Amino acid sequence: MRLSVFGCGYLGAVHAAAMASIGHEVVGIDVDPRKIESLSQGKAPFFEPGLADLLAEGVASGRLSFTTDASAAQGAAVHFIGVGTPQQADGYAADLTYVNAAIDDLIPYLSAGDIVAGKSTVPVGTAGALAERITPTGATLVWNPEFLREGWAVQDTIDPDRLVAGVPAGDEGIRAADLLREVYHPAVAKGTPFIVTDYATSELVKVAANAFLATKISFINAMAEISEVTGADVTQLAEAIGHDARIGHRFLGAGIGFGGGCLPKDIRAFSARAEELGRGESVAFLREVDAINLRRRERAVQLVIEGLGGSVFGKKIAVLGAAFKPHSDDIRDSPALDVAVRLNGLGANVVVTDPEAIENARRKHPQLAYEPARDEAIRDADAIVLVTEWDEYRRDLAPEHASSLTAGRVVIDGRNGLDAAAWRKAGWTYFGMGRP
Ligand code: UGA
C-alpha cells in the first residue's frame, strides 16, 4: 500500500521506516531539510536502536523515500500525521501548531477515499475538529495513537501490544478501520488486540496510558520519600508489592523520576484540557504526580551536597548520563541533565558523560563540561552521580575500578541501579534514592 507520513521525528521517522519494512511504499515528509537529507541517505538523524538498519534497507529497496514536498503525499491511500505536540511556551496546554500545519499542507493533496491517520498525542476533542476540515475532501480521519517507547521504537511499531483506531460512525468508519488493519497486517495476523472506537476514546486512551505510567512512577517515588524518613528501603518495597500481579513490577523504579518528550508534557496537557472541560478536579492528582517527580531531582542534588560534606562548590562531580533514559539520545526534559545543571549552578565542576546524548546536551547546555569516555569523566572526581542507567554505568562499572580513578569515594545512585553492598564494601559512601 502507498503511505505518507507527515513529521519525521522520533515518531514519524520510525513509523515510515517500519511501514516500509513490512512491505509498504512510504514517503516521509518533513519541513526540516536537514532531517530529510539525512533520512534520504538512509541515515537516522537521532539514536534509536535498529532504526539505522531499517532506514538503509528501506531506502535501498526503493520503498522508502523522504522529501520536504507535501505534494508527494498525493496518491497515498493512508496519510499518517506524526508531528510533535510540545508543551506551549506560556502554559501547560499542548501546542497544536505542527498538527494544524501538517493538515494544512496535506489537504490540497487528499483524494476521496483516502485515510488520514493521526498518531500525534493531542488533547481530546482535536480529532473531531480536524475531521470537519478533512471531510470536504472526501477523505476520512482516523485517530490511531502511538504507544512506542524510545529505545524500543522499532519493535513497538512493528509489533505493538495493541492497536487503537478512533473512527467516525457508520460504514465510513468500518471501511477506515479495515484499511488500517491492512496497513498493520503482520500485527493483525498474529492476533494483536485491535480496538475500534470513537475519536474521543482513542485520544484519551493515549493520554490515560501516559498519565497512568507517570502516576505509577510518582507513586513509588512518593514511597521513596516516606522511606527516606523512616529508614525503609523502597527497592525492597517495590519488589514486594510488585509480586501482586494486580500491581506488577514494571514502572516501579524509584529514582530521579521521569522525563522525556512525552510523560511530563502529556500529563500537563491533560490537566490543561481537563480544566478547559470543567473537570480539572478529575485529574488534579496529576499536579501532585508532577510535583513529586520534580522533587526527586532536588533530592539527588541534596544527597550530593550531603555526601560532599555540605557544599559542592569547586568539587569535581562526574555525572553519568544525560539522556532522559538509556538507549536514547533524547534530552528533552531529562532529569539527568537537570541534576547536572543544578549542581553546576551551585559551583561544582561538573563533567557529564553519556554514550549517545552528549551532542544534544552540549547544544542545550553549553555551560557544562562533557567527556564521552566514562573513565576520563570520573578521573579525579570527588563524587560520582549516576543519573541515566546505561549498562556501562549501572552494570559494567566495578567499584574497585572506579576507586582506581577517582579522588573521592562518594557515589549517588539516582536510579537505584548499583549494587549498594558491593560499592560500600569497596570503601565507598553510597547514597540511593529512598533506600538506606
Ligand atoms: C512513554 C511511554 O512509555 C510510551 O508508551 C509512549 O508511547 C511514549 O511515552 C509517548 O508518548 O510517545 P518514553 O517517553 O519513550 O515512552 O519513555 P518511558 O520508557 O516511558 O520512560 C519515561 C521516563 O520514566 C524515563 O525518564 C524513565 O527513566 C522514567 N522511569 C521509567 C522511571 O523513573 N522509573 C521507572 O520505573 C520507569
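Trainee: Which way do the residues of strand β5 (residues 115-118) point, and are they buried or exposed?
Mentor: Ile115 and Ala117 point one way, Val116 and Gly118 the other way, and all are buried. Buried means under 20% relative accessible area, exposed over 50%, partly exposed in between, with a 1.4 Å probe and protein chains only. Keep in mind that this is a predicted model, where local features need pLDDT of at least 70 and side-chain atom pairs pLDDT 80 or more, while totals for chains, interfaces and linings use all residues. Residues are numbered from 1 along each chain as its sequence is written, and side-chain values use heavy atoms, with hydrogens and water left out.

Trainee: Why is Asn100 called partly exposed?
Mentor: Because its relative accessibility is 31%, Asn100 counts as partly exposed. Asn100 sits in helix α4 (residues 97-106); helices are DSSP runs of H or I with at least four residues, strands are E runs of at least two, both numbered from the N terminus.

Trainee: What is Asn100 in contact with, leaving aside neighbours within four places in sequence?
Mentor: Leu130 and Arg133, where contact means heavy atoms within 4.5 Å.

Trainee: What makes β5 a partner of strand β4 (residues 78-81)?
Mentor: Two strands pair if DSSP finds at least two bridges between them. Here 4 bridges join β4 to β5, so by the rule of at least two they pair, and they run parallel. Ile81 stands opposite Gly118 in β5.

Trainee: Which strands form the open sheet, and in what order?
Mentor: There are 6 strands, in the order β11-β10-β9-β12-β13-β14, with parallel pairing. At the edges are β11 (369-370) and β14 (429-431), each pairing on one side only. Helix α12 (residues 285-307) packs on that sheet, touching β9, β12, β13 (410-413) and β14. Within the sheet, 4 bridges join β9 (residues 316-320) to β12 (residues 383-386), and Ala318 has Ile384 as its bridge partner in β12.

Trainee: How many cavities of 30 Å³ or more are there, and what makes a space a cavity?
Mentor: The structure holds 1. On a 1 Å grid over the protein atoms alone, a cavity is a set of points where a 1.4 Å probe fits but cannot get out; lining residues have an atom within 4 Å of a point.

Trainee: Which helix gives the most to the lining of the largest cavity?
Mentor: Helix α11 (residues 263-276), with 5 residues. The lining includes Lys265, Asp266 and Phe270.

Conventions. On a 1 Å grid over the protein atoms alone, a cavity is a set of points where a 1.4 Å probe fits but cannot get out, and a pocket is an open set with protein on both sides within 12 Å along at least five of seven lines; lining residues have an atom within 4 Å of a point. Grid points are joined across faces, edges and corners, and a volume is the space filled by probe spheres set on the points. Axes are lines fitted to C-alpha atoms, for helices over the stretch in contact, and angles run from 0 to 180 degrees between N-to-C directions.
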